[in-house]
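Keep the coordinates open while reading.

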Amino acid sequence: MSQVIGITMGDPAGVGPEITVKAMAEMSDAERALTRVYGNRGVLERACEATGVSLDLDAVTVDLPIEGPELAWGKLNPRAGDAAFRFIEKAVRDAKAGAIGCIVTAPINKEALNMAGHHYDGHTGMLAALTGQKSAFMLLASDRLKVIHVSTHVSLKTAIDRATPERILATIRAGNEHLKRIGYENPRIAVAGINPHCGESGLFGKEDDLQVAPAVEVARAEGINVVGPISADTVYYRAYSGAFDLVVAQYHDQGHIPIKLVAFDTAVNVSLGLPIDRTSVDHGTAFDIAGTGKAKHVNMKAAIAYARRLVAGKSV
């Protein structure tokens, strides 16, 4: 596996370029030599000016053009959405070819992406399509809490429909395999319920009995150390307190809210189920502060650190 990581700078009008150059500036020379930034050199130069960072951009940039006038910071623009897509597309091609070992993605704007004609629900769906996969899984990782999602960017009604025994089982398997890869010998996995109190034996719905429990039963028969369904109002506290290594969340907010409460600046978004590795910041484009130099790069540094450990084959 290549030891080089490729950072896609995200939407050129957002804070992605700024957090990228800030993180790059704090790398050692050896780390910077094993890093490539997929983006636009002109935008990165402006990001350096906004942040007061000095970088040799020639040495690290895979420069991709953006046609037309200079993009304004913090403004929704389909040209920015198209550019963000092309940065990712090029990085995926290089990752599939073995030129880079892991992609680290800065934030994109889903509205700009779709305005440009790239109809994806976000990075995870886009990466699945670009690598020829039917779907992928989103895992949010922090020191004390890790969460993998059965579904993400869909309505709550659709999420419940998508929580089939087959999808839940696939999510459990993906999470188990990843934790083993990063050093957990026998990952302790808990599956959150869908309904309040897991439906109270059908009083509040039967989805937990009909959709969640069968998946857990099959996973246990395969030798996976998994329990559930467990009521979502207690399972995250138990995991955060050390009872479980991973929680399977049934939908977007069920998993995102606890992670962002306890690790807003440090949680890393990891894509599983793809033929390439990808980590990401767990925040948006922050158009309101783009171009001011104020954006924090703590989350970007965490995503880069996770990527380094993946390419090095070390535990995270």
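## The aromatic pair

Phe85 is buried at 8% relative accessibility. Here buried means under 20% relative accessible area, exposed means over 50%, and partly exposed lies in between, with a 1.4 Å probe and protein chains only. This is a predicted model: local features need pLDDT of at least 70, side-chain atom pairs count only at pLDDT 80 or more, and totals for chains, interfaces and linings use all residues. Residues are numbered from 1 along each chain as its sequence is written, and side-chain values use heavy atoms, with hydrogens and water left out.

The structure holds 1 aromatic pair. Rings of Phe, Tyr and Trp (its six-membered ring) pair if their centres lie within 6.5 Å; planes under 30 degrees apart count as stacked, over 60 as edge-to-face and the rest as tilted. Phe85 and Tyr120 are stacked, at 6.1 Å centre to centre and 10 degrees between the planes. Phe85 sits in helix H5, and Tyr120 in the loop between helix H6 (110–115) and helix H7 (123–130), so the pair ties together parts that are 35 residues apart in sequence. Helices (H or I, at least four residues) and strands (E, at least two) are DSSP runs, numbered from the N terminus. Tyr120 is partly exposed, at 22% relative accessibility.

## Nonpolar cores

A nonpolar core is a set of buried Ala, Val, Leu, Ile, Met, Phe, Trp, Tyr and Cys residues joined through side-chain atoms within 4.5 Å. In soluble globular proteins, nonpolar side chains tend to be buried together. The largest core has 85 residues, and Ile172 and Met300 have the most contacts inside it. Helix H5 (residues 78–97) gives the most to this core, with 9 residues. A second, separate core of 16 residues includes Ala190, Ala192, Tyr236 and Ala249.

Which residues does Met300 touch, not counting residues up to four places away in sequence? They are Ile7, Ile19, Thr20, Ala23, Val104, Ala106 and Val281. Touching, or contact, means heavy atoms within 4.5 Å.

## Helix H11

Helix H11 (residues 232–240) has Val235, Tyr236 and Ala239 buried. Seen down the H11 axis, the buried residues fall within an arc of 95 degrees, so they line one face of the helix. The arc is that of the directions from the helix axis to the C-beta atoms. On the other side of H11, Asp233 and Tyr237 are exposed.

The cover over the buried residues of H11 includes E6, strand E7 (189–192), strand E8 (226–230), strand E9 (246–249) and helix H12 (252–263). Gly242 follows H11 and has a positive phi, near 110 degrees. Arg144 lies over the face of Tyr240, at 3.8 Å from the ring centre. A charge sits over a ring if NZ of Lys or CZ of Arg is within 6 Å of the ring centre and within 35 degrees of the ring normal.

## Backbone exceptions

Most residues other than glycine have a negative phi, and most peptide bonds are trans. Where is the cis peptide bond with omega near 0 degrees? The bond from Gly228 to Pro229 is cis. Pro229 belongs to strand E8.

Glu200 is not a glycine, yet its phi is positive, about 50 degrees. Ser201 is also not a glycine and has a positive phi of about 55 degrees. Glu200 is in the loop between E7 and helix H10 (207–221), and Ser201 is in the loop between E7 and H10. Glu200 is partly exposed at 36% relative accessible area. Ser201 is exposed at 73%.

How many disulfides does a search of the whole structure find? The search finds 0, with a disulfide taken as a pair of cysteine sulfur atoms within 2.5 Å. Cys48 is buried, at 8% relative accessible area. Cys102 is buried too, at 0%.

Thr152 lies in the loop between strand E6 (146–149) and helix H8 (156–162). Thr152 is buried, at 15% relative accessibility. Leaving out residues up to four places away in sequence, Thr152 touches Met138 and His252. Met138 also gives a distance to helix H7, where Gly125 is placed: the C-alpha atoms of Gly125 and Met138 are separated by 9.8 Å, at 13 residues apart along the chain. Gly125 is partly exposed, with a relative accessible area of 26%.
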